[in-house]
Each structure stands twice: as structure tokens, then as C-alpha cells.
Amino acid sequence: MRGHPEFPHLDDHGRAWMVDITGKDPTARRAVARAVVRTVSDLSESLAMRPGDLDPIQAARVAGIQAAKQTSVLLPLCHPIRLTDVQVDVVPGERKVEISAMTEVVDRTGVEMEALTACTVAGLTIVCALSPFDPAAYLDEVTLWLKVGGRSGRWERPSGRSGRQAPDE
């Protein structure tokens with residue numbers, strides 16, 4: 001048998017392999033992930049644009065979208081897929097920046113890794129923008145909140161760990 005029942009990316013001998021999706025039917029799939037960049041800085045000053053500067057919020061959004069499109073290059077066991085939609089929101093708050101990513105595809109495999117990768121790279125882009133002002137800024141709570149489609153149907157993270165509500169579909 002190829003594929004461990006609990007860990008589908010491992011074979012019976014514990015070796016990594018790419019899951020075979022040949023027999024699966026393409027279905028519409030969606031995933032939502034979230035992350036938070038935490039900082040001790042006053043974000044109104046740290047993320048403020050000066051004439052000629054690139055807006056760090058927009059740079060983070062574009063970086064997240066690009067990252068979602070490159071996920072299979074970054075994660076060796078991830079299937080390359082043709083994303084149909086990627087939306088990345090970057091919202092500064094008091095001493096934090098909240099990031100969310102929604103990815104969609106019609107394919108034989110899910111888009112969870114793409115949503116998580118989008119949040120991670122968008123968050124790192126914000127950390128980079130904050131580094132001259134707050135070298136202690138860090139990426140936190142990179143979490144899958146929702147996945148829809150495929151054999152498993154719909155899954156939502158229960159509210160709890162971060163205290164935030166799961167997103168609406």
C-alpha cells in the first residue's frame with residue numbers, strides 16, 4: 001500500500017512521497033487562512049509612506065498573491081495547481097497587522113497550503129517593512145480557518161486559540 005492512513009505524504013516505510021490525485025475528480029475548492037504581525041511600534045509612523053516610497057500594505061498584498069502562485073515551488077510535496085482566485089487583505093491595527101488570504105481553485109487537490117503561504121509571505125513583507133523601526137516585530141498565528149470542497153467537504157476551525165471568529169464563507 002502506498003500512503004500511510006494517518007499521514008498521506010508518507011509511504012509504509014516512512015518515506016516522503018507526493019500523494020497520487022489521478023483518480024480524483026476536479027471540484028471547486030476554497031481555503032481561508034489568517035496571520036498576525038505583532039509589533040511594539042506605532043504603526044501609523046512605521047508604515048507611513050514618504051514621497052516615492054512603495055506602500056508596504058500594497059507590497060504585502062502583492063507578495064502574498066505571488067507567494068500563493070509559487071507554493072508548489074516552495075513546498076516539495078505540494079501539487080502545482082491553477083488558482084482561479086487569490087485575495088489577500090492586510091489590515092493595520094493597534095500594535096498589530098492582521099492578514100487574511102482566500103484561495104480558490106477547481107482541481108483535484110485543495111488550496112490550503114496556498115492560503116497559508118500567502119499569509120506567511122505577506123506577513124514577512126510587513127515584518128521587513130517594520131524592521132528599521134521595530135526589529136522585534138514578528139509573524140504570529142499563521143492558521144488555516146476554513147476549507148471547502150473535495151471529499152472532506154467543509155471544515156472550519158472552531159473559535160478558540162486566538163479568540164477570533166472563524167470567517168464566513
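Me: Leaving aside its neighbours within four places in sequence, which residues is Asp107 in contact with?
Reply: This is a predicted model, and Asp107 belongs to strand E3, which covers residues 96-107. Neighbours within four places in sequence are left aside here. The residues in contact with Asp107 are then Asp25, Pro26, Thr27, Arg29, Ile81 and Arg82.

Me: Which side chain of opposite charge is nearest to Asp107, and how many Å away is it?
Reply: Asp107 is buried yet has no salt bridge. A salt bridge requires a side-chain nitrogen of Lys or Arg within 4 Å of a carboxyl oxygen of Asp or Glu. The nearest side chain of opposite charge belongs to Arg108, at 5.6 Å.

Me: In E3, which residue is the bridge partner of Thr27?
Reply: Strand E1 consists of residues 27-38 and runs antiparallel to E3, with twelve bridges joining the two. Thr27 is also among the residues in contact with the residue in question. The bridge partner of Thr27 in E3 is Asp107.

Me: How many bridges pair E2 and E3, and which residue in E3 does Asp89 stand opposite?
Reply: E2 and E3 pair in the antiparallel sense, and the pairing extends over nine bridges. Within E3, the residue opposite Asp89 is Ser100.

Me: What is the phi of Arg95 near, in degrees?
Reply: Arg95 is placed in the loop between strand E2 (85-93) and E3. The hairpin of these strands has two residues between them. Arg95 has a positive phi although Arg95 is a residue other than glycine, and the value is near 60 degrees.

Me: Is Arg95 buried, partly exposed or exposed?
Reply: Buried means under 20% relative accessible area and exposed means over 50%, with partly exposed in between. The relative accessible area of Arg95 is 46%. Because 46% falls between these limits, Arg95 is partly exposed.

Me: Why does Arg30 count as partly exposed?
Reply: Partly exposed lies between the limit for buried, under 20%, and the limit for exposed, over 50%. Arg30 counts as partly exposed because its relative accessibility is 23%.

Me: How many residues apart are Asp140 and Arg38?
Reply: The side chains of Asp140 and Arg38 meet in a salt bridge of 3.1 Å, N to O. Asp140 is in strand E4 and Arg38 is in strand E1, so this pair links distant parts of the chain.

Me: Is Glu141 buried or exposed, and what is its relative accessible area?
Reply: Glu141 is located in strand E4, residues 138-148. Its phi is positive, about 55 degrees, although Glu141 is not a glycine. Glu141 is buried, with a relative accessible area of 14%.

Me: Which residues make the nonpolar surface patch of about 360 Å²?
Reply: One member lies in helix H4, which covers residues 112-130. The patch is made by Val73, Leu74, Leu75 and Met113.

Key:
Residues numbered from 1 in each chain as written. Predicted model: local features only at pLDDT ≥ 70, side-chain atom pairs only at ≥ 80, totals over all residues. Heavy atoms only, no water. Patch = residues over 30% accessible without salt bridge, like charges linked within 9 Å, V, L, I, M, F, W, Y side chains within 5 Å. Areas by Shrake-Rupley, 256 points an atom, 1.4 Å probe, with all protein chains shown as cover. Helix = DSSP H or I, 4+ residues; strand = E, 2+ residues; numbered from the N terminus. Buried < 20%, exposed > 50% of the residue type's maximum accessible area, 1.4 Å probe, protein only. Lys, Arg positive; Asp, Glu negative; His and termini not counted. Contact = heavy atoms within 4.5 Å. Pairing = 2+ DSSP bridges.
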